[in-house]
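User: Hi! I'm new to reading protein structures. Could you walk me through this one?
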Amino acid sequence: MRKAYLDHMAATPLDPRVLEAMQPFFKDIFGNPQSLHSYGQAAVDAVDKARESVGRLLNASPEEVYFTASGSESNNFALKGMALANRERGTHIVVSAIEHQSVLHAVKSLERQGFHSTEVPVDKTGRVDPADVDKALTKETILVSIMTANSEVGTVEPAAEIAKLCRAKKILFHTDAVAAAGNMPLDVKALGVDALSLAADQFYGPKGSAALFVKKGVRVLPLIDGGIQEGGRRAGTENVAGIAGLGKAAEIAGTQMDDRVARMRALRDHLIDGLLGKVEHVVLTGHRTERLPHQASFCIEFIEGESMLLNLDMKGIAASSGSACTSRALKASHVLLAMGLDHALAQGSLVFGLIDTTVREDIDHLLDVFPPIIQRLREMSPLYTKYLQEKR
Amino acid sequence: MMYTDKVMDHFQNPRNVGTIPDADGVGQVGNPVCGDMMTFYIKVKDNRLVDVKFQTFGCGAAIAVSSMVSEMALGKTLEGALQITNMSVAEELGGLPKNKLHCSNLGADALHAAIEDFRAKKEGRAAKPAPGAHEHEEECSCPYCDGPLDEHKGVCKSCQVELAECPHCGQITNARGEKCIHCGAEISPS
């Protein structure tokens, strides 16, 4: 059976070159980077090299890159670290309604420490209007956090525009670029951001390895107190293998970016046009053009996400869904609801994420097996029967 | 795999899918907010279910449960069919993941609602409302044991934790806890 892994958002496979770059640090080069002897220095060299690679990917200086253990940690570090360090300037934070839980819940945590926040809405394509951000800014606002792109609906946000209006008012701007970094070109100087989160596992690097860019001069308090690692801003012995893997993944992404983006975009458009052309009552979620190059997401009317995922899995296709039934809490995705989709439609959510080994035949396989699955589930659905009766 | 082979079999090859245009009774429960909605159609002859058909909008468990219920009910007397419980359906399927147990509630409820509809029509009265009609998504499952929550919000029937809506984030949390398990806000015990 043909297999196609189309769940980039959940995990990407390790690039073999990344694995190779990591391997020495599990066994031979085991030293602690804080040690002064040669064992330690070999580890320091690896960490330094990785910091340079990540800096190069973002057009940042190496010393502006802080290694963390996950995209969630980077987001928490940015939000809490910047808010607490700048508290005397104000206590108001602005985020969008479709941020990742690690941003939204970090804000909730800050609210318990005396901060307050505003969630700006998104339109039906999942885009934040910079004018809405502008309206939300008050004299008390010290920090704005709007994601670079949303993994669930693929929409790329106008981060540079928002950064610009924040800069004009001397308000710090953080962007969660976990879904975007390594998959589309990012330049922290062109974006004009003060902080940016990224994670290796979203671009063929290892899980448990991530980073936060913090612009030189921006005040940020550590989340983890302890030793002097990461310039005293993130204590704890370095995950040297993971950091080396992130560095290699960043290096590969940087050198292959244009090709990666062009290839992904062509396959993505083939998937989107193919499915919309083949099946009726399918809605593309997110923006059609301002979109991650490797992401295609839909809501399939009258049927539910989990039953589609199980059927696709039987055909060798791995995807994901934002439906309530696929989440442990049985709640539909906050992103889809913020975009104004009704609950029934949100239940039919399906998210495809292409990886760098995806080929056109994988998409063709999906386009072959998916329409009959949809048809079969619709024939079983009382909502579809109701629709057909009302149409008559 | 989170589902048993029997669940997967009923999911892949559901029995008795469809509608009965001249049904003697129709029962519909659930709503798309919780992700599941089921409609059962029955034909009754001499107090027996001579035909049972269903349609389901929902997850793998919901489809498997509907199929199982239809198979268990077919040929039974009305009284016998009313004996089919959520528990017996889940058992017959070899078990369901905890957070999917509420799907089995819907299956039996939908069948019972169809029988109630038949009886009400026969007796010329209005059918009693079907149970299990979830109003709010927050009421779908207990955050502690993933068991089903219904409109009797307060105590989770499955794990007996006392529940309340967090005044801060609006999600369901432990009423006796000091802090909301979702957002960490202080909860004053009421």
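Analyst: Happy to; we can go through a few parts of both chains, and please keep in mind that this is a predicted model.

User: Great! How many helices and strands are in chain B?
Analyst: Chain B has five helices and five strands. Going along the sequence, they come in the pattern α-β-β-β-α-α-α-α-β-β.

User: And how much of chain B is buried?
Analyst: Of the 190 residues in chain B, 47% are buried.

User: What order do the strands take in the open sheet of chain B?
Analyst: The order is β1-β2-β3, and the pairing is antiparallel. β1 (25–31) and β3 (48–57) of chain B stand at the edges with a single partner strand each, so each has one side without a neighbour in the sheet. From one strand to the next, the twist averages 15 degrees.

User: How many bridges join β1(B) to β2?
Analyst: Seven bridges join β1(B) to β2, which covers residues 36–45 of chain B. If you want a spot to look at, find G25(B), which stands opposite I42(B) in β2(B).

User: What packs on that sheet?
Analyst: One helix there is α2(B), which touches β2 and β3 of chain B. The direction of α2(B) makes about 175 degrees with that of β3(B). Chain A contributes as well: its helix α13 (residues 382–391) lies across β1, β2 and β3 of chain B. α13 of chain A runs at about 90 degrees to β3(B).

User: Ok, what about α1 and α2 of chain B, how do they pack?
Analyst: In general, a pair of packed helices is described by the angle between the axes and the distance between them. For α1 (residues 5–12) and α2 (residues 60–73) of chain B, the angle is about 85 degrees and the axes are 8 Å apart. Angles of 65 to 115 degrees count as roughly perpendicular, so that is the term for α1(B) and α2(B).

User: Which residues meet there?
Analyst: From α1(B), the residues are V7(B), H10(B) and F11(B). They meet G60(B), A61(B), I63(B), A64(B), S67(B) and M68(B) in α2(B). By type, the residues of this contact are six nonpolar, three polar and no charged.

User: Which strands pair with β6(A)?
Analyst: β5 (residues 141–145) of chain A pairs with β6(A) in the parallel sense over three bridges. V144(A) stands opposite F173(A) in β6(A). β7 (residues 195–199) of chain A also pairs with β6(A) in the parallel sense, over three bridges. There, the bridge partner of H174(A) is A195(A) in β7(A).

User: What do β5(A), α6 and β6(A) make?
Analyst: Together with α6 (residues 159–168) of chain A, the strands β5(A) and β6(A) make a right-handed β-α-β unit.

User: Where is V218(A) found, and what is it in contact with?
Analyst: V218(A) is in the loop between β8 (210–214) and α8 (240–278) of chain A. Setting aside neighbours within four places in sequence, V218(A) is in contact with M82(A), L172(A), D194(A) and A195(A).

User: What's the phi of N16(B)?
Analyst: N16(B) has a positive phi of about 60 degrees, and it is not a glycine either. You'll find N16(B) in the loop between α1 and β1 of chain B. N16(B) counts as partly exposed, with 17 C-beta neighbours inside 10 Å.

Terms used:
Residues numbered from 1 in each chain as written. Chains lettered and ligands numbered in written order. Predicted model: local features only at pLDDT ≥ 70, side-chain atom pairs only at ≥ 80, totals over all residues. Pairing = 2+ DSSP bridges. Helix = DSSP H or I, 4+ residues; strand = E, 2+ residues; numbered from the N terminus. Right-handed = clockwise from strand over helix to strand, strands pointing away. Axes fitted to C-alpha atoms, helices over the stretch in contact; angles between N-to-C directions. Parallel < 35°, antiparallel > 145°, perpendicular 65-115°, else oblique. Contact = placed C-beta atoms within 7 Å. Nonpolar A, V, L, I, M, F, W, Y, C, P; charged D, E, K, R; others polar. Buried ≥ 20, exposed ≤ 12 C-beta atoms within 10 Å, placed from the backbone.
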